[in-house]
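Please look over the sequence and the model below before reading on.

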Amino acid sequence: MFVTRVERAQFSLLVVKVACSGEAVRQGWKELYQRVDPDSMQRLTAASYGYVLVPEWQWDSGVRDLWVGIKAWPEMTAPEGTAVIDIPERQYAKIRVHGDRRKMEEAYEELNRWFMQSELERDTSISSYSIEANALFPVNPFDIPAHVISYFQYDIYAPIKPN
């Protein structure tokens with residue numbers, strides 16, 4: 001398990017805001033699915049990812065809100081109850097979560113350790129998000145209840161503060 005420094009291009013997400021819990025994330029995914037027309041959702045998720053955005057500015061007081069989303073296309077209008085969040089091009093510290101809950105916790109610990117040992121700072125400013133990118137195939141992790149899921153495989157992108 002190791003952290004790499006990567007650059008991600010700008011992209012937009014169609015999101016639903018949810019409370020910070022596994023159950024709320026799954027409920028948000030279902031709500032998003034219900035709000036987007038079926039043909040568009042099928043096209044978007046067929047070879048894509050489901051995203052969870054973590055608001056970095058909430059870490060000091062405790063993360064309360066998350067955003068669950070899918071990539072938005074340029075001409076997309078956000079259905080009622082959703083929003084489009086633009087994620088700018090920027091650098092991230094990236095780590096892969098691969099395994100059980102213990103492995104997931106170790107990945108977050110390793111990411112935090114990397115920032116403490118690095119000359120780089122995590123960007124916790126307003127409008128800065130960590131991105132959790134979950135592959136939706138072969139198994140959509142959002143379809144597995146939070147109290148049941150025991151295996152995790154996703155990438156965490158923690159924003160690096162610009163110089």
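How many bridges join E3 to E7, and do these strands run parallel or antiparallel? Seven bridges join the two, and E3 and E7 run antiparallel; strands are said to pair if DSSP finds at least two bridges between them. The names come from DSSP runs numbered from the N terminus, where a helix (H or I) has at least four residues and a strand (E) at least two. This is a predicted model, in which local features need pLDDT of at least 70 and side-chain atom pairs count only at pLDDT 80 or more, while totals for chains, interfaces and linings use all residues. Residues are numbered from 1 along each chain as its sequence is written, and side-chain values use heavy atoms, with hydrogens and water left out.

Six of the seven residues of E3 are buried, so that the strand is mostly covered, where buried means under 20% relative accessible area, exposed over 50% and partly exposed in between, with a 1.4 Å probe and protein chains only.

The largest pocket has a volume of about 870 Å³. A pocket is found on a 1 Å grid over the protein atoms alone, as an open set of points where a 1.4 Å probe fits, with protein on both sides within 12 Å along at least five of seven lines, and its lining residues have an atom within 4 Å of a point. Grid points are joined across faces, edges and corners, and the volume is the space filled by probe spheres set on the points. Of the 35 residues that line this pocket, Met104, Tyr108, Glu132, Phe152 and Tyr154 are the closest to its centre. Two or more lining residues come from each of helix H1 (22–35), strand E3 (49–55), helix H3 (101–117), strand E7 (129–135) and strand E8 (152–159), and H3 gives the most, with five residues. The lining divides into 23 nonpolar, seven polar and five charged residues; Ala, Val, Leu, Ile, Met, Phe, Trp, Tyr, Cys and Pro count as nonpolar, Asp, Glu, Lys and Arg as charged, and the others, Gly among them, as polar.

Two residues of E7 can now be taken in turn. Serine 130 is found in strand E7 and is buried because its relative accessible area is 2%. A polar contact of 3.3 Å joins its side chain to that of arginine 122, a polar contact being a pair of N or O atoms within 3.5 Å, of which, within protein, one must be able to donate a hydrogen and the other to accept it, while residues adjacent in sequence count only if both atoms are side-chain atoms. Arginine 122 lies in the loop between H3 and E7, and its side chain has another polar contact, of 3.2 Å, with that of asparagine 112. Alanine 133, also in strand E7, counts as buried because its relative accessibility is 6%.

Two features of the backbone remain. Most residues other than glycine have a negative phi, and most peptide bonds are trans. Serine 127, however, has a positive phi of about 75° although it is not a glycine, and a cis peptide bond, with omega about 10°, joins phenylalanine 137 and proline 138.
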